[in-house]
Amino acid sequence: MRAVWTALAVLLLAVAPAAAVELAGPLTQGGLIVGTAPPGTSVAFEGRKLRVDPQIGTFVFGIGRDHGPEAALTVTHPDGRVEKQTLAIAPRHWQIERVDGLPPRMVTPPPEVLDRIRREGALINAARSRDSATMDFAHGFVLPAKGRLSGFYGSQRILNGKPRRPHLGLDVAGPVGTPVHAAAAGEVVLAEANLYYTGGTVAIDHGHGLTTIYSHMASVGVKVGDHVAQGAAIGTIGATGRVTGPHLDWRLNWFNVRLDPQLVLPHKD
C-alpha cells in the first residue's frame with residue numbers, strides 16, 4: 001500500500017480504527033510532526049527508526065529547512081505487516097537579509113579561536129543528540145520571551161556581502177535583562193555563560209530527540225541537570241556572543257534537524 005499526503009498531516013493507515021496511526025503537524029519544511037501508533041508498532045522516518053512510547057504509542061519526527069518534496073515513512077505493524085508511505089512535503093520561500101558594516105572578526109572568526117569554536121560546537125551537538133524517553137514536549141511550546149520578532153527561521157543572511165548559512169531559529173528582540181522562560185518543560189542539558197558564537201546559552205531536552213536552545217543571554221539562571229517547568233525563568237535577554245544587538249535566538253531541534261519554532265506556537269485567533 002502506498003499513499004501521498006498534503007501539507008497537513010492527517011489520519012494514516014486507517015485500515016481499522018484500532019490499528020490507525022495518526023500524524024499531527026504541518027508536513028512542510030521546518031515542521032514538527034507528532035504521531036501516535038498502537039503499542040508494538042515500529043515507525044521509521046527516512047530510514048531512521050523512531051522512538052515509540054510503549055504505553056501510548058507517541059513518536060515524533062522533524063522536517064528540515066531544505067527537505068525535498070517527498071519523505072518516506074515506514075510503519076511495521078505488531079503483526080509484522082510493513083507499509084511504506086510517501087509524505088508530500090510542502091515547500092516554503094525564505095527571506096533574504098543583508099547586514100553590512102560588521103567588523104571583519106564578526107563575519108570570519110580569527111584563526112586563534114577555531115579550536116574553541118570546535119569544542120563549543122561539540123557541546124551543543126551532544127545536547128542535541130539526546131534521545132530520552134520523557135515526553136515533556138507533549139504539552140506544547142510557548143514563546144520564551146516578550147519582544148519584537150526580529151529574525152525568522154529559514155532566512156538567508158548576507159554579512160558584509162558574503163552569503164552565510166541560513167538562520168535556523170526565531171529571534172526575539174528586547175532590552176537587556178528581559179526575562180527568558182522555558183518554552184516547554186524539560187531537563188537542562190547545557191548551561192554556558194560565554195560561548196563564542198552564542199554567548200550565554202541554555203539547551204533543554206524535551207524528550208524523543210527534541211531540544212530547544214536559547215542563545216545570546218546576558219545571564220544564565222539554571223544549571224545542567226535542572227528540571228524546569230514550562231514558563232520557568234532560565235535567564236535574561238542579552239547581547240553576548242556574535243550579535244549586532246540584544247535579542248534571544250530561540251531554536252528547536254529534532255536531533256541535528258533544525259525546525260521552525262514558530263510552527264509549534266499556539267495559533268492566535
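User: Where is Glu46 found?

Analyst: Glu46 is found in the loop between strand S5 (42–45) and strand S6 (48–49). Keep in mind that this is a predicted model.

User: What is the phi of Glu46 near?

Analyst: Start with the general idea. Most residues other than glycine have a negative phi. Now the case here. Phi of Glu46 is near 50°, a positive value in a residue other than glycine.

User: What is the relative accessible area of Glu46?

Analyst: For Glu46 the value is 41%. That makes the residue partly exposed, because this class lies between the 20% and 50% cut-offs.

User: Where is His216 found, and what is its phi near?

Analyst: His216 sits in strand S18. Its phi is near 70°, again a positive value in a residue other than glycine.

User: Is His216 buried or exposed?

Analyst: His216 is buried, with a relative accessible area of 5%. Buried means under 20%.

User: Let's turn to helices. How many residues does H2 have, and how far does it reach?

Analyst: Helix H2 covers residues 114–128, which is 15 residues. From first C-alpha to last, H2 reaches 21 Å. That is close to the 21 Å expected at 1.5 Å a residue.

User: Which residues of H2 are buried?

Analyst: They are Ile117, Glu120, Ile124, Ala127 and Arg128.

User: Why do the buried residues of H2 line one face?

Analyst: General idea: an α-helix has 3.6 residues a turn, so residues three or four places apart point the same way. In this case, look down the axis of H2. The buried residues fall within an arc of 100°, so they line one face of the helix.

User: Which exposed residues are on the face turned away from the buried side of H2?

Analyst: Arg118 and Arg119 are carried there.

User: What do the buried residues of H2 pack against?

Analyst: Strands. They pack against S16 (186–195), S17 (199–207), S18 (210–220), S21 (247–254) and S22 (257–259).

User: Which elements give two or more residues to the lining of the largest pocket?

Analyst: Among them are S10 (96–99), H2, S18 and S21. The largest share, six residues, comes from H2.

User: How do the residues of that lining divide into nonpolar, polar and charged?

Analyst: The lining of the largest pocket has 16 nonpolar, eleven polar and twelve charged residues.

Terms used:
Residues numbered from 1 in each chain as written. Predicted model: local features only at pLDDT ≥ 70, side-chain atom pairs only at ≥ 80, totals over all residues. Heavy atoms only, no water. Helix = DSSP H or I, 4+ residues; strand = E, 2+ residues; numbered from the N terminus. Expected span 1.5 Å × (residues − 1). Buried < 20%, exposed > 50% of the residue type's maximum accessible area, 1.4 Å probe, protein only. Arc of directions from axis to C-beta. Contact = heavy atoms within 4.5 Å. Nonpolar A, V, L, I, M, F, W, Y, C, P; charged D, E, K, R; others polar.
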